[in-house]
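Me: Hi! I'd like a close look at one spot in this model, and then some idea of what lies around it and in the rest of the chain. Here is the entry.

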Amino acid sequence: MPAKPDASTGEPDETPHYHGHRERVRERFYAAGPDALTDYELLEMALFAAIPRRDTKPLAKALLKKFGSFAEVVHAPVARLREVEGVKDASINQLKLLAAAAGRIAKGEIKRSIALSSWNDVIAYCRTSMAFADKEQFRLLFLDKRNQLIADEVQQTGTVDHTPVYPREVIKRALELSATALILVHNHPTRPTSITLDHAQAH
């Protein structure tokens with residue numbers, strides 16, 4: 001007759017099925033790189049630390065079904081994330097950490113570059129920083145004479161469809177930074193990937 005498991009250890013009889021799945025996903029990630037994984041698999045990995053004792057695949061798929069893409073999930077408003085069954089504070093913190101890291105990396109790449117050489121570069125940068133914000137922002141990109149980024153600042157944050165603009169404050173800040181040009185940016189929360197850009201040259 002087989003021996004019964006020692007109840008005092010508190011260990012289950014069998015290792016949960018998702019443990020092996022997690023190891024396989026990790027192995028593919030490290031062996032083949034992140035491009036070998038689908039969006040839901042990357043989300044699974046992102047949620048491993050937040051949900052150590054449950055299969056994260058169903059939640060990853062539910063998040064993608066609701067929001068559409070990896071980027072839209074990590075930038076989604078907290079209130080909307082909570083609408084997805086199974087999303088708790090630990091998962092939200094993990095997703096927002098990814099969003100913050102992506103923003104820091106994007107800013108670092110722009111600041112290390114020689115210049116903002118095209119509108120496409122600027123749009124890509126702004127989308128990373130603010131496209132999925134749930135409130136309208138008025139953001140300023142201050143540039144030097146080589147069009148290199150000096151500073152990226154949020155001047156005002158408004159409601160879902162309105163944010164005030166104060167030209168005097170914009171000019172004052174440009175003078176403080178000795179900027180020769182600036183790009184004015186605002187987003188449209190009702191259209192998550194829509195961003196408006198205006199360019200001004202200092203004289």
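Which does S178 count as, buried or exposed?

Reply: S178 counts as exposed, at 56% relative accessibility. (Exposed is over 50% relative accessible area, buried is under 20% and partly exposed lies in between, using a 1.4 Å probe and protein chains only.) This is a predicted model, in which local features need pLDDT of at least 70 and side-chain atom pairs count only at pLDDT 80 or more, whereas totals for chains, interfaces and linings use all residues. Residues are numbered from 1 along each chain as its sequence is written, and side-chain values use heavy atoms, leaving out hydrogens and water.

The backbone at S178 deserves a look too. Its phi is near 55°, a positive value in a residue other than glycine. Most residues other than glycine have a negative phi. The residue belongs to the loop that links α8 (167-176) with β3 (181-187). (Helices are DSSP runs of H or I with at least four residues, strands are E runs of at least two, and both are numbered from the N terminus.)

Now for the surroundings of that loop. In helix α8 you will find R173, which is partly exposed at 27% relative accessibility. R173 touches F142 and E153, leaving aside residues up to four places away in sequence; touching here is a contact, with heavy atoms within 4.5 Å. The C-alpha atoms of R173 and F142 are 9.0 Å apart, although 31 residues separate the two along the chain.

The loop between β1 (137-143) and β2 (149-157) holds Q148, and N147 is found in that loop as well. Q148 is buried, with a relative accessible area of 16%, while N147 is partly exposed at 30%. From Q148 to A179, 31 residues along the chain, the C-alpha separation is 9.8 Å. From N147 to S118, 29 residues along, the C-alpha atoms are separated by 10.0 Å.

Stepping back, the protein chain contains 8 helices and 4 strands, arranged along the sequence as α-α-α-α-α-α-α-β-β-α-β-β. Of its 203 residues, 36% count as buried. Among contacts with a separation of 6 or more, 49% join residues 24 or more positions apart. The chain exposes about 12,600 Å², and carbon and sulfur atoms supply 54% of that area. (Accessible areas come from the Shrake-Rupley method with a 1.4 Å probe; for residues, only the protein chains shown count as cover.)

The largest nonpolar core has 18 residues, and L63, L81 and L95 have the most contacts inside it. (Such a core is a set of buried Ala, Val, Leu, Ile, Met, Phe, Trp, Tyr and Cys residues joined through side-chain atoms within 4.5 Å.) Four helices, α2 (39-48), α3 (57-67), α4 (70-74) and α6 (89-112), each supply at least two residues of this core, and α3 gives the most, with 5 residues. A second, separate core has 9 residues, including V122, Y125, L149 and I183.

Beyond four places in sequence, L63 touches L43, L47, G68, V73, L81, V84, V87 and L95. Just after α3, G68 has a positive phi of about 105°.

Helix α2 is mostly covered, with 7 of its 10 residues buried; these are E41, L43, E44, M45, A46, L47 and F48.

Finally, the rings. K61 lies over the face of Y40, 4.7 Å from the ring centre, and the charged end of K66 sits over the ring of F67 at 5.8 Å from its centre. (A charge sits over a ring if NZ of Lys or CZ of Arg is within 6 Å of the ring centre and within 35 degrees of the ring normal.) A search of the whole structure finds 1 aromatic pair. The ring centres of F29 and Y30 are 5.2 Å apart and the planes meet at 80°, so this pair is edge-to-face. (Rings of Phe, Tyr and Trp, the last by its six-membered ring, pair if their centres lie within 6.5 Å; planes under 30 degrees apart are stacked, over 60 edge-to-face, and the rest tilted.) F29 is partly exposed at 24%, whereas Y30 is exposed at 65%.
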